[in-house]
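This note is for a colleague who is meeting the structure for the first time. Please read the numbered points alongside the sequence and the model.

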Amino acid sequence: MMLSSLASITWKQWRQHRLRTALTLLGIALGVAVYFAVRTANVTLLSSLTITIEKMAGKATLQIVGDEGGFPEAIWETVKDTPGVHIAQPVIEVLANTAFEDEGSLMIVGVDMLGDRELREYQFDEAGEEIADPLVALAQPDSIMISRKFAEKHQLKDGDKLPLFTAQGKKEFVVRGIFKPAGLGEIFDGQIAVMDVFNAQFVFNRGRNIDRIDLMNESGVSVDELQQRLRTRLPAGLEIGPPSSRGKGIENSVAAMKIGMTITSFIALLVGVFIIFNSFSIAVNQRWKEIGILRALGVERPNVQCMFLVEAALMGMLGSAVGIGLGFFLAIGAERVMSQIAAQLFSYVTTQQPPVFRWDYAVTSFVIGVISSVIGAWLPARAAARLNPVLALHNIETRQSENVLGKPRIIAGILLVLTGWALIAFGPASVGLSLQFSYSVLIIFGLVLLLPALAALTARALRPLMDRLFGSEGVIAVDSMIQSPRRTSATVGALMIGLSFVFSMGAYVRSYQKTVSDWMDRIVNADIIINTSENARSRTNHFSEDLGKTLAAIPGVRRVENIRFLFLPYADDSVALIALDMDGWFARVKDVVEGADEDEVKDKIIRGEGVLVARNFVARYHLGVGDRLRFQTPTGPFDFPILGVIEDYTSEKGAVFFERELYKRYWNDPAVDIIDVMVTPGAEVATVKQAVTRAVKGQHRAFIYTNAEYKKFIMDLINGFFVLNYMQMTVAIIIAALGIVNTLIISVAERKRELGVLRAIGGLRSQVRKMILLEAAAIAIVGVLSGTLAGVFNTYFLVRTAAHMIGGFTIPFRFPLTIVLVALPVALGIALLAAWWPARKAVNLKVVEAIGYE
Amino acid sequence: MIELQNVSRSFGDAKLVQALNQVNLRLAQGERVAVMGPSGSGKSTLLNLICGLDEPSTGAIKIDNVDIASLDDDSRTRLRRQKIGMIFQTFNLLPTLTALENVSLPLRLNGVAKKDAEQRATAMLQKVGLAGRAAHRPDQMSGGERQRIAIARALIFAPPVLLADEPTGNLDSKTGEEILALLDELHREFNTTILMVTHNEEAALHCDRVIRLRDGQIISSSAVTARTAEGQ
């Protein structure tokens, strides 16, 4: 009964303070939206990858997959002969490029014409039905079958020519079948075509290798049983499992991206908690007379506390519901960015899917939103319950400044910061990333405890400066902060968290960029670099060795080196393998081998007697010089010693380098992914690049860079990886800006009388406006200062722990001075913008009413 | 000095409340006038109109022959700075500022340099007997001290007019008497025109004239003679 009466008071408060209510709800909604969007985008990305795999797999119950280089087609014979196999079909997947203007990639699926129809769904257009059997027609070497969507896009019909860039150069294929948008036709947004697997082997330079075998078990044999049977018959190194299990590997590959985004989505939620704290602190301040009356009327302390907590829970429910809706739309954008990153950095091509609405995620987000609201409101609600009713009923003019600068609070804050720092610096890495992240959170909490003191101290330090620069308006502006450090520190806290992650992400990216840039200056020194993809690499599209020979004949070209760059399964994960001409590489790159004599290592590596591994590989797998590295290859086990360690940032998974001839021997794979071209001394790089472009144009889809252009391209890819994090940080800053609006509106409401007096004794409207704007600026300054402090600690965590744990990288700490210098005017701008409405409110208040205000 | 011609002020739309009705009043330079009347008689409205915080519905309010109703908000504010000091029942000091800062605030809002403003404020604090409390904040002072600070703030510009809204209303009788004595002293020194709203007959005796308001109209205006004062 009592609670229902209190609820009606709450409802009236919401209606009376609509703007504050709306801002608070928006704060919660944005926090929840980011959290929900990240999870939804992640599951949508994985789902679109999985759907692609499943549609590609058709009715297959098992798939046999090798590494990126594929495996010998002879294995197909073994599989077919295995008892219990109903049907087994070889597959090659190539992301090729058409020679159409402005056309992107086309997924080519190479299948065996005779048996594949049993396995995969092919629904042909009526035009296609005119051909007696499109799959048989495809057995002609120039045949290709395309999706209806692709056909419509390019106005292609049966019998038309489709030009494709292949490893053999540009080739024209004849369309002999158009399939409907069902089964295979549904994936990759229709950018898909089918050709004969053996023809694909030839035109895409795959030798006698295939990528995959899709098979179905006989009805009397279970999938598990067949899987076991195949495992005993097939060489090690081949992955045998149902199509759905392949999604797991992809999930591992994009794990780093997922971790980064999950962390930042928690930041958005944390900022939301501050908004709630801020809003409820303000509500308690505004309603303290009301609380006094309620207490005087006999409402017990727990009920007062309960009133505010229920209010917070209700706000949490409403805000979370809005946030989930908003997050679902945000997920569309987030998923696009993630798909782009997956394609650019991890070479995974997805089929665009509408966001997957997961009820479990919605419920989790809802619960987290409500709990965050209640946590945010806890302290203000407790303060309301503890309010002295006698004091509360008295005039507000004699209000004491908040006592938040107590020693215990400061000591606790310092202890938390130091403990967090010490754990990051000296704690064991074996505890895992989540626990390591909690050390960083410990520092944040410590700083939050220190914030009121920090806000008050900074305001005191700013007072003389503000006095000198802005006169009494400046003094009154900072005094407001000194008087109510708790109100200010909640907003500063939101700003601090938002900015600290902007700073630390920026610092991390900068440190990473600088490290990678320095590394590339040492390692990447070919004059011209030719890549098969506009992304970091292509999993399926390769050059042939013949292209290198053609390029070597161009005047001005001194030397051409072929590089194979792929990922191989290793210890339940995958590592990058870079097979290159080590003789040429060592001729250009000096003093890079760690842990061994370089001259000795060089000779052995060139002779193909061992491998070099990246520093992060050593850190991840606890291996060192002298240890042996083992891979399963199509020709048997690859077992060579690690001869040296080098600094390398190719992949967070670690990388292995060895002689390309050794790779060709073991993997039976002559494919080329990158071609390094060295020009003769005196020759103009730009002129040679033009000649290379002319030689390649019309024959191959190739991406040709000078040394500087290639380094910039890599840097742009790195930046692309962090785009989503920056987007999330932007949301965090928007939430923090809402906090500033909230704080200033309350500041204006609380100081209505003060502002009225100021106007009464001769303060102009413009002076009042200036005062509010200066208060916002002062909040921004404290926010930037504390954000920088928190950012330094967080950067320390990122470079010391996160980079090491996620990628095994060692990245030196660099203070983000430029970002801080840029952030200060930006934060000031945001703060002033946020202060516009409260300042307007302050300027327009009625002086007579304000003076009489209690 | 101050002249009100047929001034009316009404509030509300549907149900009109006539706070002041056709008020005519003239105050000479250096005159002290007490405004008395029951609650709701229009005393505070009168004060708010004279200081330019409110605008009359009809009529003219002239200060030194300038009709303040014809001025815009900023001009009225500037006029207030130069010509009108105000003191309130609840003192209305800025809680975060020290006594010195509170007193120097009007000067600083008018662009006077800090050093100069503080020198003048120190002198003013000396006049009100609080030189030793310059660094204290309002919550560290008694009610009487706070009102002295408010008076110092009101007179820092040496304005020709001082408007006082129940200046002793929140004080005990002894402190109230001290404040009134201080106002007498400052009046002698500055020859300030004082318009004081009060319920306190004792306070009214410190004035030259008492006007009584009822239902928004002046019902009487009588001089305070020595005999009246003695009789009290």
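1. Chain A and chain B bury about 2600 Å² between them, with 54% of it on carbon and sulfur atoms; buried area is the accessible area (1.4 Å probe) that two parts lose on being put together, summed over both. The contact (heavy atoms within 4.5 Å) takes 27 residues from chain A and 29 residues from chain B.

2. This is a predicted model: local features need pLDDT of at least 70 and side-chain atom pairs count only at pLDDT 80 or more, while totals for chains, interfaces and linings use all residues. Side-chain values use heavy atoms, with hydrogens and water left out, residues are numbered from 1 along each chain as its sequence is written, and chains are lettered from A in the order in which they are written.

3. Five salt bridges (a side-chain nitrogen of Lys or Arg within 4 Å of a carboxyl oxygen of Asp or Glu) are counted between chain A and chain B. One of them joins the side chains of A:D467 and B:K114, at 2.6 Å from N to O. On the side of chain A that touches chain B, the largest share, nine residues, comes from α16(A).

4. Within α23(A), A:V688, A:K689, A:A691, A:V692 and A:V696 are buried, meaning under 20% relative accessible area (1.4 Å probe, protein chains only). Just after α23(A), A:G698 takes a positive phi of about 80°.

Notes: Buried means under 20% relative accessible area, exposed over 50%, partly exposed in between (1.4 Å probe, protein chains only). Helices (H or I, at least four residues) and strands (E, at least two) are DSSP runs, numbered from the N terminus.
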